[in-house]
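User: I have a structure open and would like to go through it step by step. Could we begin with the ligand site and then look at some other parts?
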Amino acid sequence: MTKPTKSTEAASPLPAESAGAGASASAATAERVQKYLSRAGVASRRGAEEMIRAGRVTVNGQVVCTLGDKVCPGTDEVRVDGARVDPPTALWYLALNKPPGVVTTLDDPQGRTTVARFIPDGAPRLFPVGRLDYATTGLLLLTNDGEFAHLLMHPRHHVPKVYRAEADGVPDAEDLRMLREGVDLDDGKTAPAEARVVRALSDSSVVEITLREGRKRQVRRMLSAVGHPVRLLTRVGYGPIALGRLAEGSVRALSDAEVAALRASATGGR
Ligand code: URA
């Protein structure tokens with residue numbers, strides 16, 4: 001596959017810091033080790049606490065023993081399992097319109113196209129916030145801000161994700177009720193969701209579903225369970241961010257306001 005042409009929006013998706021978001025960490029401020037590790041994308045804060053408890057983390061060669069220990073970014077040397085960990089100094093927040101046939105990872109052992117192909121030249125290593133299936137298209141956020149990514153993905157924060165599915169047939173009122181109230185899947189009943197038919201055709205429909213959880217292939221499984229298998233699936237919204245007119249295969253930088261709004265959607269403004 002050839003590298004897709006990027007839109008003009010993608011020509012220089014500056015890191016938020018360069019664009020003035022001012023969200024990067026100050027090198028001088030001491031912070032808890034678990035926060036440092038989380039910012040670096042090593043794990044969530046809770047995961048980092050487990051690493052500390054397991055004795056896997058050292059600061060300046062000393063094993064960290066307590067969860068209250070602090071480090072000075074840029075001064076102290078932090079390692080996990082012997083590998084040095086440095087949080088990013090410039091934070092990047094991008095929105096990608098993921099094309100179909102792309103894996104939501106940075107490396108694929110099977111050699112398939114990954115989202116790494118769409119990360120602009122000059123960008124640091126950016127991680128996808130959550131996953132879209134290989135065939136699913138649409139809005140995927142990419143960042144090197146580990147804390148931010150964990151915040152958005154935390155199941156307790158219930159950030160809404162909006163999907164548009166082209167499905168077989170047209171869901172009736174009972175199907176929509178089940179989609180909204182909960183569908184029994186093999187990994188349990190789904191949480192309350194929003195569902196509506198956007199367009200009804202003779203043998204297919206466009207259904208919009210808003211989820212506040214993120215299980216594997218959830219929209220596909222929910223629609224199949226009510227008798228309307230998905231033909232095409234696109235994510236059109238993530239919290240306050242809309243896919244809008246971003247072309248397939250293009251990326252754009254999120255604005256300061258968008259990053260702040262995403263953060264607020266996960267924390268409820270706390
Ligand atoms: N639900 C799915 O079924 N697939 C996705 O990629 C995302 C949500």
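Analyst: Before we start, one term is needed: the domain bounds used here come from an automatic or database domain assignment. Please also keep in mind that this is a predicted model.

User: Fine. Which domains does the shell around the ligand draw on?
Analyst: The shell takes at least three residues from each of domain 2 (93-156 + 241-267) and domain 3 (160-238).

User: And which residues are around the ligand?
Analyst: They are Leu132, Asp133, Thr136, Tyr163, Arg217, Gln218, Val219, Arg220 and Leu233. By class, four of the shell residues are nonpolar, two are polar and three are charged.

User: Which helix gives the largest share of that shell?
Analyst: That is helix α6 (residues 218-225), which supplies three residues.

User: What does the backbone of valine 219 do there?
Analyst: One of the backbone N or O atoms of valine 219 lies 3.1 Å from a nitrogen atom of the ligand. For arginine 217, a backbone N or O atom is 3.3 Å from a ligand oxygen atom. Arginine 220 has a polar backbone atom 3.0 Å from an oxygen atom of the ligand.

User: How much of the ligand's accessible area does the protein cover?
Analyst: On its own the ligand has 240 Å² of accessible area, and the protein covers 96% of this.

User: New topic: in what order do the strands of the four-stranded sheet run?
Analyst: The order is β3-β2-β5-β6, in an open sheet with antiparallel pairing. β3 (62-63) and β6 (83-84) are at the edges; each has a single partner strand, so one side of each lacks a neighbour in the sheet.

User: What holds paired strands together in general?
Analyst: Strands of a sheet pair through backbone hydrogen bonds, in either a parallel or an antiparallel manner.

User: How many bridges link β2 and β3?
Analyst: Strand β2 (residues 57-59) pairs with β3 over two bridges, in the antiparallel sense. Threonine 58 has valine 63 in β3 as its bridge partner.

User: Is valine 71 buried or exposed?
Analyst: Valine 71 has a relative accessibility of 1%, and buried means under 20%, so this residue counts as buried. Valine 71 is in strand β4 (residues 70-71).

User: Last one: where is aspartate 203?
Analyst: Aspartate 203 is in the loop between β13 (194-200) and β14 (204-211). With a relative accessible area of 46%, aspartate 203 is partly exposed. Aspartate 203 and glycine 169 are 34 residues apart in sequence, while their C-alpha atoms are 4.7 Å apart in space.

How values were computed. Residues are numbered from 1 along each chain as its sequence is written. This is a predicted model: local features need pLDDT of at least 70, side-chain atom pairs count only at pLDDT 80 or more; totals for chains, interfaces and linings use all residues. Side-chain values use heavy atoms; hydrogens and water are left out. A residue is near a molecule or strand if one of its heavy atoms lies within 4 Å of it. A polar contact is a pair of N or O atoms within 3.5 Å; within protein, one must be able to donate a hydrogen and the other to accept it, and residues adjacent in sequence count only if both atoms are side-chain atoms. Accessible areas come from the Shrake-Rupley method with a 1.4 Å probe; for residues, only the protein chains shown count as cover. Ala, Val, Leu, Ile, Met, Phe, Trp, Tyr, Cys and Pro count as nonpolar, Asp, Glu, Lys and Arg as charged, and the others, Gly among them, as polar. Two strands pair if DSSP finds at least two bridges between them. Buried means under 20% relative accessible area, exposed over 50%, partly exposed in between (1.4 Å probe, protein chains only).
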